[in-house]
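Please open the structure in your viewer and keep the sequence panel beside it, so that each selection can be followed in both places. The tour moves from one selection to the next.

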Amino acid sequence: MLLRGAVVVRLSDVTVQLGGRRVLGPLNLEVPRGATVVLVGRSGSGKTTTLRLVNRLLEPTRGEVTVLDRSATDWDPVRLRRSIGYVIQEGGLFPHMTVSENVGIVPRLEGWPQQRRRERVSALLDMVGMPAAQFADRAPHQLSGGQRQRVGVARALAADPDILLCDEPFGAVDPITRADLQREFASLTARLEKTVLFVTHDVREALTLGDVIVVLEEGSAAFVGTPEVFRDSDHPLVRDLRALL
């Protein structure tokens, strides 16, 4: 272990085969409570596949995925997915719903009373810098890319999940907005003590956000280390990635 603390997500000798082709594994990975673990690597190295295993959007061919001390197969898939926040590019917002409806969708599905939902949505929008009085009734198309991404983060946090899965969430915004979002996201997840598994192609983003950096290559973890170890490593893949800075 690189960081101290209970392991919230563990992948043990996990392999995924699709259409007879191995797309992941064998992969061993631990995500400690409260840490941000960032997955980097070439396209097709298995980053998004790893995320999809955690919330059972994909099942392993071999090996075991453990989430919050339970095998993922012991979880009801719907219950598991509702207990994990998921953030993707552009926030993945439902275009026919208002901002407040998007943020409050999981609490609504969970049967929260309307007043509790309204208070939670308002608090989260304030937390991500989008006051409810100004933004709650807007449609996604009325927002900028950065604003949609903030709403996506708020929605992922709505039911107060222990775990956030983030699949290149800031990849579609301009560099200045992206830097702002990275700072806000790092501050927010640290303050809320969330456990984050984060996918990016951006090495600078990985170093900014990650407590642990995992370099995937052909579906396996070729390197696992802190940002400090990453900066000093002689591993050839790490050297190639550092050259992109």
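Begin by selecting Arg-120, which is partly exposed at a relative accessible area of 22%, where buried means under 20% relative accessible area, exposed over 50% and partly exposed in between, with a 1.4 Å probe and protein chains only. Before going on, note that this is a predicted model, in which local features need pLDDT of at least 70, side-chain atom pairs count only at pLDDT 80 or more, and totals for chains, interfaces and linings use all residues. Residues are numbered from 1 along each chain as its sequence is written, and side-chain values use heavy atoms, with hydrogens and water left out.

Colour residues 114-127 next, and you will have helix H5, in which Arg-120 lies; helices (H or I, at least four residues) and strands (E, at least two) are DSSP runs, numbered from the N terminus. Which residues is Arg-120 in contact with, leaving aside its neighbours within four places in sequence? They are Trp-112, Leu-157, Ala-158 and Asp-160, contact being heavy atoms within 4.5 Å.

Twelve of its 13 residues are buried, so H7 is largely enclosed by the rest of the structure.

Ile-88 belongs to strand E6, residues 84-88, and counts as partly exposed at 34% relative accessibility. Its C-alpha atom is separated by 4.6 Å from that of Pro-169, 81 residues away along the chain.

Finally, select the open sheet, where four strands follow the order E2-E1-E4-E5 with antiparallel pairing; two strands pair if DSSP finds at least two bridges between them. At its edges are E2 (21-32) and E5 (70-71), each pairing on one side only. Between strand E1 (residues 7-18) and strand E4 (residues 62-67), which pair in the antiparallel sense, there are five bridges, and Val-9 has Val-67 in E4 as its bridge partner.
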